[in-house]
Amino acid sequence: MFQRLRAFFGKTSALLPQALDTDNIPQHIAIIMDGNGRWAKNRGLPRIAGHHSGMKTVKRITMAADRLGVKYLTLYAFSTENWKRPKAEVEFLMKLPQQFLSIELKELIENNVQVRMMGYKEDLPSHTLEAVEEAVRQTAGNTGLVLNFALNYGSRKEMIGAVRQISEAVQAGRLAPQDIEDSHLAEHLLSAGIPDPDLLIRTSGELRLSNFMLWQLAYSEMWFTDVYWPEFTEEHFHDAVREYQRRARRYGGL
Ligand code: V07
């Protein structure tokens, strides 16, 4: 539709979004889904209403990423710091994975989506972990979009874990300190086997990484928006990808 309008108005019309370049879709997009609580508060609703609404956005953006041909979508659902929140809120959040999957898993399977989890399983309630692991198991053979949930994830904890494992290899005499390389670190991170994100999106106006994929985001493009996660649409998602492509073109020209 935009293509036809553009043909009529001319390519440079400021009113029409530039089309996306289907040959330069980021392979891996990571998202910090922020602003659910604030969105709810602004409406006079409890924070948990924001989390529930944010879950609907997860579905919407997963489908949008799949349509674009994104290979990996990593979503920061719960951090290792989020346990400090009020107990009732944590308990609500821990029910969202099973709620999401009970509604959406069938359609994810129909769309060949592979569900993965990146985070510390040991602290999760068994009802949460069992639902996620069942989805991971049921979709393990799928070859489409990898939907990677960062759940009880923290980047410093992840890097400390990697350093410990590498130290053990050094102590055992299997690895010399001077031979330690980027690849050794990467192999011991929870993201092992997944390429680094090409693009990081953070919603809701905060301009921080908040302990999210500190190693993996070293060379990623970053895109921030004031829009709260429950209000984040496919159009916003396309805006981020369009800006990613604009930056990539500029670097290509140097
Ligand atoms: C959560 C909704 C999205 C906004 C951010 C906070 C609240 C989906 C999941 C999920 C996780 C694992 C999984 C399937 C779905 C989820 C939590 C919070 C803890 F296998 N949304 N969502 N998990 N929110």
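Is Ser 204 buried or exposed? Ser 204 is buried, with a relative accessible area of 4%; buried means under 20% relative accessible area, exposed over 50%, and partly exposed in between, with a 1.4 Å probe and protein chains only. The model is a predicted one, in which local features need pLDDT of at least 70, side-chain atom pairs count only at pLDDT 80 or more, and totals for chains, interfaces and linings use all residues. Residues are numbered from 1 along each chain as its sequence is written, and side-chain values use heavy atoms, with hydrogens and water left out.

Ser 204 has a positive phi, near 75°, and is not a glycine. Its place is the loop between strand S5 (199-202) and strand S6 (221-224); helices (H or I, at least four residues) and strands (E, at least two) are DSSP runs numbered from the N terminus. Asn 112, also not a glycine, has a positive phi of about 65°. Asn 112 lies in the loop between H5 and strand S3 (114-118) and is partly exposed, at a relative accessible area of 28%. Most residues other than glycine have a negative phi.

The largest pocket has a volume of about 780 Å³. A pocket here is an open set of points on a 1 Å grid over the protein atoms alone, where a 1.4 Å probe fits, with protein on both sides within 12 Å along at least five of seven lines; lining residues have an atom within 4 Å of a point. The volume is the space filled by probe spheres set on the points, which are joined across faces, edges and corners. Its lining comprises 32 residues, and Met 33, Tyr 76, Ala 77, Phe 78 and Asn 82 lie nearest the centre. Two or more lining residues come from each of helix H2 (36-42), helix H3 (47-68), strand S2 (72-79), helix H5 (96-110) and strand S4 (146-153). H3 gives the largest share, five residues.

The ligand takes up the space of this largest pocket. Around the ligand are 17 residues, the closest being Asn 36, Leu 93, Leu 96, Val 132 and Phe 149; a residue counts if one of its heavy atoms lies within 4 Å. The protein covers 98% of the 510 Å² of accessible area that the ligand has on its own. H3, S2, H5 and S4 each supply at least two residues of this shell.

Definitions and conventions. Accessible areas come from the Shrake-Rupley method with a 1.4 Å probe; for residues, only the protein chains shown count as cover. A molecule sits in a cavity or pocket if more than half of its atoms lie within 2 Å of its grid points.
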